[in-house]
Amino acid sequence: MSLSFQSSLLDLAAEPTIGPLSHVERQVLTRGAWVDLLPGWIRGSDEVFARLETDVAWQAERRQMYERVVDVPRLLSFYDEGAAMPHPLLDAALDALSAHYATELGEPFRTAGLCYYRDGRDSVAWHGDTIGRSRTEDTMVAIMSFGSPRRLSLRPRDRVGATLGFPLGHGDLIVMGGSCQRTWEHAILKSARPTGPRISAQFRPRGVR
């Protein structure tokens, strides 16, 4: 079941802006993984959501699933290195994240992948971003959320340990780092509750998908 998008009463900035990254809080996981969290990093994020919803050339994809081809339960768009971003705030966020994590990451974030979860029926299954160098190397994936909150679930890949959950929306930031893509899995699970639309933007370094 879906809801129309409802703006946040706490996100009424006239112009979208990013805040300082000095307030991120790190949660150390197991097996060399960690996540950084910063709720409300983007002020005026609802304006960004509205622009992305209408301006992005969203793609509906189909994928092979065992013996049949199925619809991917979300809309997608990918911006490779050098591609023009669909909103100037994404450029500012990419530059700020690259500068903040330069010492730990050792390279800038390069690409942006956008996902549009239209309602609670849209989802992404348990997975790690392990296409490319991230299959064998530590890396980072930074995710910004716009629109209605959805729960990002995290669990150890070997299923030993608790599943964690972070409700992300309205300008929240989460960065998954260390071994997180190899040793943990993340998902946006389907929800039977009435759920408004959410757009996420994922920044990754070169050679990581």
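Predicted model: local features only at pLDDT ≥ 70, side-chain atom pairs only at ≥ 80, totals over all residues.
**The four-stranded sheet**

An open sheet is built from 4 strands in the order β8-β13-β10-β11, and its pairing is antiparallel. Its edge strands, each of which pairs on one side only, are β8 (124–127) and β11 (164–168). On average, and with direction ignored, neighbouring strands of this sheet are turned by 15° against each other. Strand β10, which spans residues 150–156, pairs with β11 in the antiparallel sense over 5 bridges, and 5 bridges also join β10 to strand β13 (residues 184–188), again with the two strands running antiparallel. Of the 7 residues of β10, 6 are buried, so this strand is largely enclosed by the rest of the structure.

**Ser153 within β10**

Ser153 lies in strand β10, where Gly165 of β11 stands opposite Ser153 and where Ala187 is the bridge partner of Ser153 in β13. When its neighbours within four places in sequence are left aside, the residues in contact with Ser153 are Trp126, Thr163, Leu164, Gly165, Glu185, His186, Ala187 and Leu189.

**Helix α1 and its surroundings**

In helix α1, which covers residues 45–55, the buried residues are Ser45, Asp46, Val48, Phe49 and Leu52. Seen down the axis of α1, these buried residues fall within an arc of 155°, so they line one face of the helix. The elements that cover them include β4 (42–43), α2 (88–100), β7 (111–117), β9 (141–147) and β14 (198–204).

In soluble globular proteins, nonpolar side chains tend to be buried together. The largest nonpolar core of this model has 34 residues, and those with the most contacts inside it are Met144, Phe146 and Phe203. Two or more residues each come from β3 (33–38), α1, β6 (68–79), α2, β7, β9, β12 (173–178) and β14, with α2 giving the most, namely 5 residues. Not counting residues up to four places away in sequence, Met144 touches Trp41, Ile42, Leu90, Ala93, Asp172, Leu173, Ile199, Ser200, Ala201 and Phe203. Apart from this core lies another, of 19 residues, among them Leu152, Phe166, Met176 and Ile188.

Tyr116 is placed in strand β7, and its relative accessibility of 10% is under the 20% limit, so Tyr116 counts as buried. Beyond residues up to four places away in sequence, Tyr116 touches Phe49, Glu53, Trp58, Arg74, Leu75, Asp122, Pro197, Arg198 and Ile199. Leu29, by contrast, is 87 residues from Tyr116 in sequence and 28 Å from Tyr116 in space, C-alpha to C-alpha. The side chain of Tyr116 is joined to that of Glu53 by a polar contact, and the side chain of Ser153 makes a polar contact with that of Arg151; the table gives both distances.

| Side chain | Partner side chain | Polar contact distance |
|---|---|---|
| Tyr116 | Glu53 | 2.5 Å |
| Ser153 | Arg151 | 3.5 Å |

How values were computed
Residues numbered from 1 in each chain as written. Heavy atoms only, no water. Pairing = 2+ DSSP bridges. Axes fitted to C-alpha atoms, helices over the stretch in contact; angles between N-to-C directions. Buried < 20%, exposed > 50% of the residue type's maximum accessible area, 1.4 Å probe, protein only. Arc of directions from axis to C-beta. Contact = heavy atoms within 4.5 Å. Core = buried A, V, L, I, M, F, W, Y, C linked by side-chain atoms within 4.5 Å. Polar contact = N/O pair within 3.5 Å; in protein donor to acceptor, adjacent residues only side chain to side chain.
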